[in-house]
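I opened a notebook for a structure that was new to me. Here is what I looked up, entry by entry.

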Amino acid sequence: MEQALAIADDAADVSTTLQGVTAGVEERAARMGVELRFGRAGLLDAVEHLWLGLFDHHTSVGAAGLPVIARELSWPRRRALYETLLGKPDAFVLLATRDQAAVGYVLAHIHEGADDTWPTGSRIGEIESLVVLPSVRGVGLGNLLMDAAEQRLAAVGAHDVLLRVLVGNDGARRFYQRRGMTAVMTTMLKLGSPPTERQPA
Ligand SMILES: CC(C)(COP(=O)(O)OP(=O)(O)OC[C@H]1O[C@@H](n2cnc3c(N)ncnc32)[C@H](O)[C@@H]1OP(=O)(O)O)[C@@H](O)C(=O)NCCC(=O)NCCS
């Protein structure tokens, strides 16, 4: 079941004005019966269940063969990260709702300074998260959210976009490749902490 939406509609940092986004994206959203809104921390309560869906998805594709933390620890940590990222200039959450229920989101922020290897501009956008509710996948919402996020980033001078994909999340990797992205780096991790917080097998 989709959880009830808890958007702080009166929050000063939430806006249904889709600044930086083309009319074409707004029309596609309307055709899908989806409402898009940009915001910052005022939207975070609404994305908790979507984040947990991504945590479950990452677990279901094997979590790169490593143990994972207990599920209930994940959102508080992710929320803290989001709050930090959303404190940066031009960072945003883009939330998609349908019939008042949150069905997808993107969270993006900006790295200042041009890349030292590839010929980027002076601001590089990072898609920190992209999630679509399983029941509405495959109808174009993921592409719509990415198009809107990329347009918004470009509107503030970030024409280059990077993101990280979990090893084994092959569906998402194909999705991004179809959108013109190229795999450029692999993140390496060696776990050394005592296994006190791991999820029981
Ligand atoms: C990756 C993800 C965001 C894509 O969202 P989406 O709304 O399904 O994307 P779209 O419908 O715009 O496009 C999906 C593509 O797969 C195809 N597709 C068909 N059925 C599908 C299904 N059940 N699920 C996913 N994709 C499907 C679509 O036709 C489309 O192909 P195209 O790009 O060649 O047109 C979504 O699958 C998701 O939330 N996955 C789990 C979380 C995740 O992995 N996020 C990325 C973390 S890096």
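Before anything else I noted how elements are named: helices (H or I, at least four residues) and strands (E, at least two) are DSSP runs, numbered from the N terminus. I also noted that this is a predicted model, where local features need pLDDT of at least 70, side-chain atom pairs count only at pLDDT 80 or more, and totals for chains, interfaces and linings use all residues. Residues are numbered from 1 along each chain as its sequence is written.

I found 18 residues around the ligand, and the closest are Arg137, Gly138, Gly142, Asn143 and Ala172. Two or more residues come from each of helix H2 (44-60), strand E4 (123-132), helix H4 (141-155) and helix H5 (170-178). Which element gives the most to the shell? It is H5, with four residues.

I then sorted the shell by class: Ala, Val, Leu, Ile, Met, Phe, Trp, Tyr, Cys and Pro count as nonpolar, Asp, Glu, Lys and Arg as charged, and the others, Gly among them, as polar. The shell has nine nonpolar, seven polar and two charged residues.

**Entry: the sheet**

Next I followed the strands, which pair if DSSP finds at least two bridges between them. Five strands form an open sheet in the order E1-E2-E3-E4-E5, with mixed pairing. At the edges I found E1 and strand E5 (160-163), each pairing on one side only. For angles, axes are lines fitted to C-alpha atoms, for helices over the stretch in contact, and the values run from 0 to 180 degrees between N-to-C directions. Neighbouring strands of this sheet are turned by 25° against each other on average, direction ignored.

Gly104 stands opposite Val132 in E4. Contact means C-beta atoms, placed from the backbone, within 7 Å. H4 packs on the sheet, touching E1, E2, E3, E4 and E5, and its direction makes about 35° with that of E3.

**Entry: the core**

A nonpolar core is a set of buried Ala, Val, Leu, Ile, Met, Phe, Trp, Tyr and Cys residues joined through C-beta atoms within 7 Å. A residue is buried with 20 or more other C-beta atoms within 10 Å of its own, exposed with 12 or fewer, and partly exposed in between. The largest core has 40 residues, of which Leu94, Tyr105, Val106 and Leu145 touch the most other members. H4 supplies the largest share of this core, seven residues.

I followed up Val106: leaving aside neighbours within four places in sequence, its contacts are Leu94, Ile127, Ser129, Leu130, Leu145, Met146 and Ala149.

**Entry: two loops and a tail**

Most residues other than glycine have a negative phi. Ala64, in the loop between H2 and H3, has a positive phi near 60°. I counted Ala64 as partly exposed because 14 other C-beta atoms lie within 10 Å. Gln100, in the loop between E2 and E3, has a positive phi of about 70°. Is Gln100 buried or exposed? It counts as exposed because it has 10 C-beta neighbours inside 10 Å.

Last, I checked Pro195, which lies in the segment after H5. Pro195 is exposed, because 7 other C-beta atoms lie within 10 Å. The C-alpha atoms of Pro195 and Ala23 are separated by 50 Å.

Key
Near = placed C-beta within 6 Å. Contact = placed C-beta atoms within 7 Å.
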